[in-house]
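Work through the exercises below with the model open. Try each task before reading its solution.

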Amino acid sequence: MKDLLKLKSSLAEEIENILNAQIKVEAHASALYLAMSSWCDDQGFDHAADFFARQSDEERAHMLKLFKYVGDRGGRAISPEITNVPTDFESFRGVFEQTLEQEMFVTEQFNNIADLCMKSKDYVTFNFVQWFLEEQVEEEYVARRIIELFDVIGEQGTGLWEIDRHLVKVTFDEA
């Protein structure tokens with residue numbers, strides 16, 4: 001019976017595996033951003049705490065979108081175990097630098113998925129991941145602009161308070 005069901009899957013095993021790996025990446029990102037939200041809240045950076053809580057929700061939505069896609073194509077989505085989520089961070093600027101690193105890593109992972117899809121001639125999944133690749137442009141842009149606030153405003157005096165207040169105004173404007 002299992003073999004018959006597997007024949008009904010439209011996903012090659014290697015595509016299903018890389019999508020399940022990405023589900024784990026998105027779940028880890030969601031947990032990381034939730035930890036950053038808690039840390040920012042504890043440090044008194046209320047706007048940043050809200051920002052990271054929204055980011056966490058967004059990453060979970062991405063995970064679920066991938067999860068549903070694998071199932072819809074006849075594959076088996078795997079609910080990931082998430083470990084090694086930090087609870088403490090070096091600095092306010094550091095959480096945003098880590099955010100940019102995380103988003104660049106996610107972009108790299110989606111590029112790898114797109115590359116594998118092209119090599120496997122899985123154009124349906126290739127089309128599916130295009131949405132995520134476009135989303136990554138926004139994610140990296142926002143993280144970079146927020147990091148620039150630290151350079152423009154400065155961290156002395158009320159600088160960190162000003163950065164916290166202004167980071168919610170950073171938006172991505174698609175051309």
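Predicted model: local features only at pLDDT ≥ 70, side-chain atom pairs only at ≥ 80, totals over all residues.

Residues are numbered from 1 along each chain as its sequence is written, and side-chain values use heavy atoms, without hydrogens and water.

**Exercise 1.** Determine how helix 4 and helix 5 pack.

Solution. Take helix 4 (residues 92-120) and helix 5 (residues 123-153). Their axes lie 9 Å apart, at an angle of about 160°. Helix 4 is therefore roughly antiparallel to helix 5 (angles over 145 degrees count as such). Next, sort the residues of their contact: 19 are nonpolar, 5 polar and 7 charged.

**Exercise 2.** Classify the ring pair of F52 and F96.

Solution. Start with the total: the structure holds 14 aromatic pairs (ring centres within 6.5 Å; planes under 30 degrees apart are stacked, over 60 edge-to-face, the rest tilted). For F52 and F96, the centres are 5.0 Å apart and the planes 35° apart, a tilted pair. Now place the partners: F52 is in helix 3 (residues 46-72) and F96 in helix 4, 44 residues apart. Check burial (under 20% relative accessible area). F52 is buried, at 0%. F96 is buried, also at 0%. Finally, widen the view: ring pairs link Y33, F45, F51, F52, F92, F96 and F150 into a cluster.

**Exercise 3.** Over which ring does the charged end of K65 sit, 3.8 Å from its centre?

Solution. Apply the test: NZ of Lys or CZ of Arg within 6 Å of the ring centre and within 35 degrees of the ring normal. The ring is that of W131. K65 also lies over the face of F132, 5.8 Å from the ring centre.

Notes
Axes fitted to C-alpha atoms, helices over the stretch in contact; angles between N-to-C directions. Helix = DSSP H or I, 4+ residues; strand = E, 2+ residues; numbered from the N terminus. Parallel < 35°, antiparallel > 145°, perpendicular 65-115°, else oblique. Nonpolar A, V, L, I, M, F, W, Y, C, P; charged D, E, K, R; others polar. Phe/Tyr/Trp six-rings, centres within 6.5 Å; stacked < 30°, edge-to-face > 60°. Buried < 20%, exposed > 50% of the residue type's maximum accessible area, 1.4 Å probe, protein only.
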